[in-house]
Amino acid sequence: MSTGTTSRHPGDQNDQWVITLVCNDRPGIVNAVSAAVLAARGNITELQQFANAEGRFFLRLQVETEADRPEIEQALTPLGAELDADWQLDVVGRPVRTLVLASKAAHCLNDLLFRQHSGWLPVQIPLVLANHPDLGDLARFYGVPLEHHPVTPETKPDFERRVLEAVAEHDIELVVLARYMQILSPELCEALAGRAINIHHSFLPGFKGANPYRQAHERGVKLIGATAHFVTSDLDEGPIIEQNVVRVDHTRSPKQLVAIGQDEESRTLTQAVKLYAENRVLLDGARTIIFR
């Protein structure tokens, strides 16, 4: 089914646009898209494409044009229908409305808030929801309210309802689990499918449970890293968006390994959020296509 999605008011003006498109592969797609862009008085400034082994075609391009959104959509809509494509039109650099879930660990939340504040990360974070109050001062330092809702087996449904309320209330496009140490229910995972990102250390599936870095130290690991992925009902097994590793050796103490690991978690999560916010992440079944 052909679809076109938009995240900005039709009357808004902008001269830099990003278009993503997914459809079955066939000859002439890039030529057809280029013709549509030309019809909208556009100039392609960036273009990346990929066709997988199953015959699916993925495309991301950035366009300069004086045309407004209705004119661009008018050029793209017939093409989307002809290709039976899922396509999206968005403004380059538009801050993506993002809800953050947190617990006690500060490093990931701090990095997200700092980089939003510095302008490096194109997101707008209106709210943090947390199951502990510990990070309230950190969030308030950056001018972002934090709601604390204790989560127990009895109150977990209430918290998850509040997540969905916040998504609707703030028109949230992305939910980020910034070391939120609770498992989301299958129902919430389904409601947030394709728009929720989690981070975990790279030891999984090994070194589960408490003190993974102490377990890693005892086993003499040589690489520490982190994985950012989409949230699914399969715990920590969603489509991977970004991964990073750093080499360590026997001289590192468990405390040092924790510090190194937290740096990698912060860096990897923020990179994944930036890729998503820039429309550079396209889902391909159980994996992702990343256009850097």
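Predicted model: local features only at pLDDT ≥ 70, side-chain atom pairs only at ≥ 80, totals over all residues.
User: Why is Asn 279 called buried?

Analyst: Asn 279 has a relative accessible area of 12%. The cut-off for buried is under 20%, so the word applies. Asn 279 sits in the loop between helix H8 (254–277) and strand E13 (281–284), and has a positive phi of about 55° although it is not a glycine.

User: What makes Asp 171 buried, partly exposed or exposed?

Analyst: The relative accessible area of Asp 171 is 47%, so this residue is partly exposed. Asp 171 also has a positive phi of about 55° without being a glycine. Its place is the loop between H5 and strand E9 (174–178).

User: How do you know that Arg 162 is buried, and which residues is it in contact with?

Analyst: At a relative accessible area of 14%, Arg 162 counts as buried. Contact means heavy atoms within 4.5 Å. Beyond its neighbours within four places in sequence, Arg 162 is in contact with Leu 127, Leu 129, Glu 147, His 149 and Glu 169. Arg 162 belongs to helix H5 (residues 156–169).

User: How many helices and strands are in the protein chain, and what makes a stretch count as one?

Analyst: The protein chain has eight helices and 14 strands. Its radius of gyration is 21 Å, close to the 19 Å that the globule rule gives for 292 residues, so the chain is as compact as a globular protein of that length. That radius is taken over C-alpha atoms, and the rule is 2.2 Å times the number of residues to the power 0.38. Helices (H or I, at least four residues) and strands (E, at least two) are DSSP runs, numbered from the N terminus.

User: What are the domains, and how do you know where they lie?

Analyst: Domain 1 covers 16–91 and domain 2 covers 96–290. Their contact takes 13 residues from domain 1 and eight residues from domain 2. The bounds come from an automatic or database domain assignment. Taken over C-alpha atoms, the centres of domain 1 and domain 2 are 31 Å apart.

Note on methods: Residues numbered from 1 in each chain as written. Heavy atoms only, no water. Buried < 20%, exposed > 50% of the residue type's maximum accessible area, 1.4 Å probe, protein only.
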